[in-house]
Amino acid sequence: MKFSTALGLLSVCLAPATALSILDDDNKIPGKSPLEFCSGDRSADLITIESVDLDPNPPKAGQELLIKASGTVKETIEQGAYVKLTVKYGLIKLLTQTADLCEQVGNVDLKCPIEKGEQTIEKTVKLPVEIPPGKYTVLADVYNADDTPITCLTATVTFALGGLGFLNSEL
């Protein structure tokens with residue numbers, strides 16, 4: 001699986017899901033999404049995520065997904081920051097990869113260094129038509145260049161049969 005496809009799935013997993021949550025409500029990020037913080041103490045993280053909203057809710061393969069997020073960067077995120085990304089389809093691990101965070105934030109019109117202060121992101125992404133139906137779980141463990149934790153996020157989303165592909169019941 002290409003990293004860009006995995007990032008698409010990460011974007012998708014920001015969307016509200018009909019799937020069961022894998023963490024308790026204390027880890028839920030405010031807003032309309034299945035996005036949650038990973039278990040554990042997140043007080044030392046370099047960012048605070050205040051909300052994440054997505055439209056449509058739930059996402060649909062082959063359609064555009066609007067992502068709106070806001071938060072605060074507590075300390076500058078430097079060149080060399082990275083993300084450890086894991087994507088599962090059900091129980092099957094599709095991808096485990098480490099990627100340059102600064103290259104990836106260009107997808108949401110940011111660039112490194114990301115200075116401390118309030119940040120708002122609004123981005124529309126086109127979801128691939130070819131997303132197979134099923135349950136996807138994404139884990140993104142994010143670190144600054146000096147291995148300081150930026151944050152750790154997880155999400156689970158379920159795609160129903162028949163996005164805009166040939167299995168669509170509306171065709």
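Ring pairs link Tyr-89, Tyr-136 and Phe-159 into a cluster. The model is predicted: local features need pLDDT of at least 70, side-chain atom pairs count only at pLDDT 80 or more, and totals for chains, interfaces and linings use all residues. Residues are numbered from 1 along each chain as its sequence is written, and side-chain values use heavy atoms, with hydrogens and water left out.

**Exercise 1. Aromatic pairs**

Task: Classify the ring pair of Tyr-136 and Phe-159, and state whether each residue is buried or exposed.

Solution. 
- Start with the rule. Rings of Phe, Tyr and Trp (its six-membered ring) pair if their centres lie within 6.5 Å; planes under 30 degrees apart are stacked, over 60 edge-to-face, and the rest tilted.
- By this rule the count is 3 aromatic pairs.
- Tyr-82 and Tyr-143 have ring centres 5.3 Å apart and planes at 25°, so this pair is stacked.
- Tyr-82 sits in strand β4 and Tyr-143 in strand β7, 61 residues apart. Helices (H or I, at least four residues) and strands (E, at least two) are DSSP runs, numbered from the N terminus.
- Both Tyr-82 and Tyr-143 are buried.
- Now the pair in the task. Tyr-136 and Phe-159 lie 6.0 Å centre to centre with 80° between the planes, which is edge-to-face.
- Tyr-136 belongs to β7 and Phe-159 to strand β8 (residues 149-159), so the pair ties together parts 23 residues apart in sequence.
- Buried means under 20% relative accessible area, exposed over 50%, partly exposed in between (1.4 Å probe, protein chains only).
- Tyr-136 is buried at 2%. Phe-159 is buried at 5%.

**Exercise 2. The partners of β4**

Task: Which strands pair with β4, and in what sense?

Solution. 
- Two strands pair if DSSP finds at least two bridges between them.
- β4 (residues 82-89) pairs with β5 (residues 92-100) in the antiparallel sense, over 8 bridges.
- Within this pairing, Thr-86 stands opposite Thr-96 in β5.
- The hairpin of β4 and β5 has 2 residues between the strands, and Gly-90 takes a positive phi near 65° there.
- β4 also runs antiparallel to β7 (residues 134-143), joined by 8 bridges.
- Here Leu-85 stands opposite Ala-140 in β7.

**Exercise 3. The setting of Asn-144**

Task: Where does Asn-144 lie, and which backbone atom does its side chain reach?

Solution. 
- Asn-144 is in the loop between β7 and β8.
- Asn-144 is buried, with 2% relative accessibility.
- Its side chain reaches the backbone nitrogen of Glu-78 at 2.9 Å.
- Contact means heavy atoms within 4.5 Å. Beyond its neighbours within four places in sequence, Asn-144 is in contact with residues including Leu-46, Thr-76, Tyr-82 and Ile-150.

**Exercise 4. Salt bridges**

Solution. 
- Side chains of opposite charge can pair when their charged atoms come close.
- A salt bridge needs a side-chain nitrogen of Lys or Arg within 4 Å of a carboxyl oxygen of Asp or Glu.
- By this rule the count is 2 salt bridges.
- Asp-45 bridges to Arg-42, with the closest N and O atoms 2.9 Å apart.
- Asp-45 is buried at 3% relative accessible area, whereas Arg-42 is partly exposed at 21%.
- Asp-109 and Lys-123 meet in a salt bridge at 3.7 Å, N to O.
- Asp-109 lies in the loop between α2 (101-104) and β6 (117-126), and Lys-123 in β6, 14 residues apart.
- Asp-109 is exposed at 60%, whereas Lys-123 is partly exposed at 22%.

How values were computed: A polar contact is a pair of N or O atoms within 3.5 Å; within protein, one must be able to donate a hydrogen and the other to accept it, and residues adjacent in sequence count only if both atoms are side-chain atoms.
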